Every structure is written in C-alpha cells, then in structure tokens.
Amino acid sequence: MALRLLRTAWRYRGLARAFRGGAEAGAASQDSGAWRVFSGIQPTGIPHLGNYLGAIESWVRLQEQECSMLLCIVDLHSLTLPQDPAVLRQSTLDMAAALLACGVDPGKCILFQQSQVPEHAELSWILGCLIRLPRLQHLPQWKMKSAGKRQDGSVGLFTYPVLQAADILLYRSTHVPVGEDQVQHMELAQDVAETFNKKFGPFFPVPRYILTSTKRVKSLRDPSAKMSKSDPDRLATVKVTDSPEEIVLKFRKAVTDCTSAVTYDPAARQGVSNLVAIHAAVAGLTVEEVVRQSAGLDTARYKLLVADAVIQKFAPIRAEIARLLADTGHLEGILEAGAKRAKELAGPVGQEVRRLVGLR
C-alpha cells in the first residue's frame, strides 16, 4: 500500500509538471514526440466555465506539442443515464461546435465520436473479462452515483470504467489528461493493461495520467462544490454561450462573505477565492497579480470586474459556436473525417487483440 501511494505521488508531481510545460513526464522515458494523448468528454451540450478552464483550454495547449492527440466525444458513456435520442444527437453536435470554437483544431488532433468506432465496445468486453468484480465495486464513482440505490444502478454505470480503459488502450495511448476524480479509473486502465500484457504478451503501453486539476472552478452559489451542469440552481454555472447579461447576473449573485476586501484564501474565503481564481485564469494572470490589481475594490464591484473578464473571454467563442451550429453538415463532416482517422489507428489494434486472445 505504501509503495502504491509513493508511486501515485510521483506521478502526481512529475506528470502534472509535464502537462503544464509539455516537455517532460516525470519518470517517462519518451520525449513528447513519442506521446499519444487520449482524452474524452461526454456530449452534455454546451460546456461551462469549469469545463473550459479545467480541460478544454489544456487540450488546446497540448495539441500544439509534438504529440499524437485524440479527442473523443464519448457518446457511449452518456448512455449510462436515460437519453432522448434527438437530444443526444444535438448535444453531440453542440459539443463538437464548442470544442472547435474553443480552439480544438482537427488538423492538429483527431476529433471524433466514440460510437463511430465499434472497436471501443469490443475491446471493453474483452478487458471486462480480465477484471474482477470487487475491483469495480470499490471505484469511487460507482459508490457515489449508485449511493442508496445500488440494486437499481445500471450495468453500464457499473462497467463505465472498463469502457474508459478500452477508450484509452485502443489507441495504445501513452498519456491521458484527467482530473483528480478520475485517478482511480486511470489506475484501473493501467492495471488492466499490465494484466493483458502478462497474460497475452507485451502489447499495450501502460498509460500515464496527467493531472489537469490546477484550475478547479467552483459553483458560484456553493463554492464548496464543483461547477456542474447538473446543478439545479441556474445561477451556479456559467456556460460559454451565456449572454453578457446572464454572466453579469450570475456573478452578481455569486456567494461570497461579509468581508468586503478582495483576498485569496481558499480555506477561509472559498467564494471570493473562487472568483479570484476564475479572474486569474481567464485574464492570464496569477492570483497574486489579480489581488494586487483589485486592491481598494469591494467584493460587489469586484464581481462585475470578474464578469467583464469572462464576457471578454467568451465573446468570440460564443459567436463562433453560433456560426458552426448554423452548418451542421460541416460539423458532421469533421466528426466523420475524425472517425475515419481514428478507425485507421483502432483497426489494427483490434485485429491484433483478437489474434492474441484467440478470436482469430
């Protein structure tokens, strides 16, 4: 147990540094030119501020590095919850438009829709046959999402991490950007890669994770919780397509405290510190610079300053999303082209896996 914790701590330190700088990966022997990076996002419609700062902005930065990068809209994963088919199809296009508008370049990475590459589901079944039941039962997301209703939780929700591992290993990925809440799922992917290699011979690289949680955006209405699309309070979450009026309203209603000065102290002043972190991230400043520049402002005026910074950041993105969604044929074409490129990588891997396990 101690060895595993030490190994995890090393990955946290080395790979988080690698993601920020794009130059080294802790104990990794590969240079960035040898990396194959995989990441996925569910088609939950238009991303919010937390999605943008916590993941999308990092992907845009990483695609500029000398690596092979795949970005997958993981629509199969979304089926773990009830879906309206028409809404799911539109949400996939919305997500594609948002990613492109935020700077994802299909010329520098492979942007595709998971369900268009059948090998994802096939490899998930094969890997699932190598994983023991207790391993999945102890994963935190299953415990959290099925709390109080485990007898009613779907098989898909339970095996979600197996499909996630298949997504990664199908492309023989070397690095995966994740948040802290996905670390144990990544460890499952690492473990199943090692199990497969021991049983059938060395084939899958053991993927390394890269922590992206340096910008954890909190709910504007409850700064102890993450910003989330599922939050029932519509004032808690800022979408990248919100109008300037909506953004101003949401920041004016943001929860702070009784102290008027602008300071950064996440432990004692969660609400104000969340605003400072958001301001620093969208303005490209450090939190120290933000606090220094905001000296003399009370929190009421400071909220409007943060709102204005977010409005300026999202204005071109909002306009580009509207332009892209006006031509769904173009979006579908990009996803089809991405799926074709993904299949070119996935096909040979799937064939070799079938051969190794005895299916051909």
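In this predicted model, His77 is in contact with Gln42, Gln114, Tyr160, Leu163, Gln164 and Asp167, once its neighbours within four places in sequence are set aside. His77 itself belongs to helix H3, which spans residues 75-78. Its relative accessibility is 3%, and because buried means under 20%, His77 counts as buried.

Several of these partners lead to another element. Helix H8 covers residues 155-169, and Tyr160 and Gln164, both in contact with His77, also take part in the contact of H8 with helix H9. By residue class, the contact of H8 with H9 divides into 11 nonpolar and two polar residues, with no charged ones.

H8 and H9, the latter formed by residues 183-200, pack at an angle of about 65°, and their axes lie 9 Å apart. The crossing of H8 past H9 is right-handed.

These elements belong to a protein with 14 helices and five strands. Of its 360 residues, 48% are buried, His77 being one of the residues that count as such. Among contacts between residues at least 6 apart in sequence, 74% join residues at least 24 apart. The protein exposes about 17100 Å², of which carbon and sulfur atoms supply 54%.

Notes:
Residues are numbered from 1 along each chain as its sequence is written. This is a predicted model: local features need pLDDT of at least 70, side-chain atom pairs count only at pLDDT 80 or more; totals for chains, interfaces and linings use all residues. Side-chain values use heavy atoms; hydrogens and water are left out. Helices (H or I, at least four residues) and strands (E, at least two) are DSSP runs, numbered from the N terminus. Buried means under 20% relative accessible area, exposed over 50%, partly exposed in between (1.4 Å probe, protein chains only). Contact means heavy atoms within 4.5 Å. Accessible areas come from the Shrake-Rupley method with a 1.4 Å probe; for residues, only the protein chains shown count as cover. Axes are lines fitted to C-alpha atoms, for helices over the stretch in contact, and angles run from 0 to 180 degrees between N-to-C directions. A crossing is left-handed if the near helix is turned anticlockwise from the far one by less than a right angle, and right-handed if clockwise. Ala, Val, Leu, Ile, Met, Phe, Trp, Tyr, Cys and Pro count as nonpolar, Asp, Glu, Lys and Arg as charged, and the others, Gly among them, as polar.
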